[in-house]
Amino acid sequence: MSKRLSIENERGSWSLIGLLAALVIGLLLVVVFLGPQLKGRSGAQTTAGQAIEKSHEVECQANLRQVRMAIDMYRAEHQAAPASVADLNIGTSNPDFFKCPVGHEDYVYDSQAAAIRCPHPGHESF
Ligand SMILES: [Zn+2]
């Protein structure tokens with residue numbers, strides 16, 4: 001084997017083998033961490049598309065959690081459920097906050113039950 005291909009060369013820079021090893025380790029990490037979430041999906045979607053949709057699902061769950069906390073705070077303060085989500089102090093001026101980040105449907109608020117849910121298919125349990 002030539003001296004140039006050894007991992008510790010005299011210049012201290014990355015050798016070809018070191019670079020390949022880093023690439024393989026990186027790919028293995030991606031497969032290990034994303035593999036379980038990527039199974040069972042249609043083959044038409046790309047891996048990057050799935051990662052983006054997954055991040056939007058997490059954003060949807062976080063939005064709903066924040067709205068539910070605001071509803072609880074409103075009920076504690078007013079001893080009644082808010083008539084609409086517009087009465088809530090969410091602390092954001094983003095007009096899309098009450099929409100699902102995946103399907104852009106408006107969240108459904110039930111003032112009788114003081115419950116909010118996402119109508120997007122698959123988000124019923126969020
Ligand atoms: Zn949603």
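1. Two residues are in contact if their C-beta atoms, placed from the backbone, lie within 7 Å. Helices (H or I, at least four residues) and strands (E, at least two) are DSSP runs numbered from the N terminus. A residue is buried if 20 or more other C-beta atoms lie within 10 Å of its own, exposed if 12 or fewer, and partly exposed in between.

2. The model is predicted: local features need pLDDT of at least 70 and side-chain atom pairs count only at pLDDT 80 or more, while totals for chains, interfaces and linings use all residues. Residues are numbered from 1 along each chain as its sequence is written.

3. The chain has two helices and two strands, in the sequence pattern α-α-β-β. Of its 126 residues, 7% count as buried.

4. Helix α2 covers residues 47-78. Its end C-alpha atoms are 46 Å apart, which agrees with the 46 Å that its 32 residues should span at 1.5 Å a residue (the expected span is 1.5 Å times one less than the number of residues). Gln-79, with a positive phi near 55 degrees, follows α2.

5. Cys-60, Asn-63 and Ile-71 are the buried residues of α2, and they pack against β2 (115-117). Leaving out residues up to four places away in sequence, Ile-116 touches Leu-64, Val-67, Arg-68 and Ile-71, among others.

6. Val-58, also in α2, is exposed because 12 other C-beta atoms lie within 10 Å. The C-alpha atoms of Val-58 and Phe-126 are separated by 9.3 Å, although these residues are 68 apart along the chain.
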